[in-house]
Amino acid sequence: MSRFSAAFSAMILLALAEVFQGVYPAEPHLGLIVVISLGTISIPALIISQMLRPDSGPMTRLPADRRHRAEQLSMSGPLIGFVALLAAGGPRLSEATIPPQFPGFAGAVLLVPLVIGWALCLRVLVVAANRRVERPEPPGRSVRRELRPVALVFVAYWILTALSDVSWLLPRTREALFNDPGMSILGVVGMITIAVVVSPFAVQRLHPARPLPPGPLRTRLENTARTVGVSLREIYEWETGPRPTINACVTGVLPAQRSIFLTDGILAHLEEVEIEGVFAHELAHGRLHHLWVYSGLVIGLTGAVIGASEFVQRVGLASTDGGSVDLVLLLLIGIFFYKFYGALSRHFESQADLYSADCTGSPTGIVSALSRIGGLTGALHRPGGWRHPPIPERIATILTCWRDPAERAAFRTMSRRFLTTAIVVIAMGVLGWTAEVAGRVSAPRWDRNLSRASYLTDAHEERTARPWSDGDREEVDLRRAVTLILEVMPELEANPNLQEARSAGYHTLAIAFDRLEDPWNAAAARYLSDRRFPSSR
């Protein structure tokens, strides 16, 4: 597990903790959470130190599988402790302790044990690795370099949670924006635009990067890009320290943004023809528009979830068990996305390998590069991952398709099928977004008012569960919710076809009156919520 994927996994776990907040204890035990936090910080590092203890000899003499297990544990160990922290109710305790007036800090506090645990594990690894380096880098500097990708992901998460906290502090503003279709579209387009513009600069800061120095290698790579017609903004060298990482990547969905990054490990250990093979593989991702497909799938997934939720409401399931139905749909869509995205990514990697062989005129460069990388990293004897096939399988695909035109034709057919499926998924997502926007545009006044009132009561619950709640302000927002419902209740009462909406409105009204400490009106609202029209009996 890479640093970036481990940090991204932590973000997904935090999001799931919000979705399933009813699972963990309502009143978390502070002592238990402190013990779990200390274990997250110390236990994985202690285990790794025993695996790489000095009496085992220099790290070069340790079996490769033990080194690999230690490196994997350095990421997964603290992550397991983090899962236990979430399950014990850490999110609920942090939100009950830290007010929203400190935007984003409730989530950031939960990440502290995880980050410290990763840092200690990495320090143990660095100290062990320094025993085989003539001029070792100070451990602190190595740890900071290794944790840069983690810091990048966590800063992005902190910004998002800070914005969420600010929105809870300004519920009337969010209430208006949330129900304005134009603002919804503008918000989605703005987020996509920011991601497209910012992502290349963010990747550039995963590791210290500098332009590849002028010389025969840079000239050769630029000629390769020019030959295949791929424009590049820059070719960068990633500096990954005394334990150089062997990796490469391409960023930028637009030609003016596109850059290719080669780590110092690639440049140090591979021959020029092998580096060209890796470089051409990354060019393929840009030339074959893989980044566009990946971005479209993320948008499509979001649209599919929104469209499914809209469908649930339209068919009337939301009035009874919409929460569970939404959750099941979200789970099914997530499983499909995980499976399909992984399969598509593995196919795209092999497609890029073949493109590399084609544009360099021979499979020698990319095959030799994969073999050398597999030998240096020990990946030749390990199974592939979610997004990458095993290296022996990639090499076999290259050689088989290069020698056998029939196999190459079959591979191209599979590529067309994957691309067609991806386009269908993206189209479904666009339809989901369209249904959401159309639903908001065409929504009657009573629907918009009930939605706004429901949001205001949710915002009240969110804020009052946190410290430093402003009672006067909370009362103003609750009375605003009451006003919104009462404005449309005559219309709902007059139409028997809107019985479910009327019941939902009275239910929200009962919640608001309960929180306003008005038991008589709350009881009346609950009675009216349960009342049925005579025609429905």
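1. Helix α10 is followed by G229, a residue whose phi is positive, near 80°. The model under review is predicted, and the points below should be read with that in mind.

2. Helix α10 covers residues 216-228, which makes 13 residues.

3. Which residues of α10 are buried? They are L217, R218, L221, T224, A225 and V228. Viewed down the axis of α10, these buried residues fall within an arc of 125°, and therefore they line one face of the helix. An arginine, R218, is among the buried residues. On the face turned away from the buried side, α10 carries the exposed residues P216, R226 and T227.

4. Strand β4, residues 259-263, is mostly covered, with five of its five residues buried. How are the residues of β4 divided between its two faces? S259, F261 and T263 are on one side, while I260 and L262 are on the other. Both faces are covered.

5. Strand β4 has pairing contacts with β2 and with β3. With β2, residues 234-238, the pairing is parallel and runs over five bridges. Here I235 has I260 of β4 as its bridge partner.

6. With β3, residues 248-251, strand β4 pairs in the antiparallel sense, over four bridges. In this pairing A248 has L262 of β4 as its bridge partner. The two β4 residues named as partners, I260 and L262, are on one side of the strand and are buried.

Terms used:
Residues numbered from 1 in each chain as written. Predicted model: local features only at pLDDT ≥ 70, side-chain atom pairs only at ≥ 80, totals over all residues. Heavy atoms only, no water. Buried < 20%, exposed > 50% of the residue type's maximum accessible area, 1.4 Å probe, protein only. Pairing = 2+ DSSP bridges. Expected span 1.5 Å × (residues − 1). Arc of directions from axis to C-beta.
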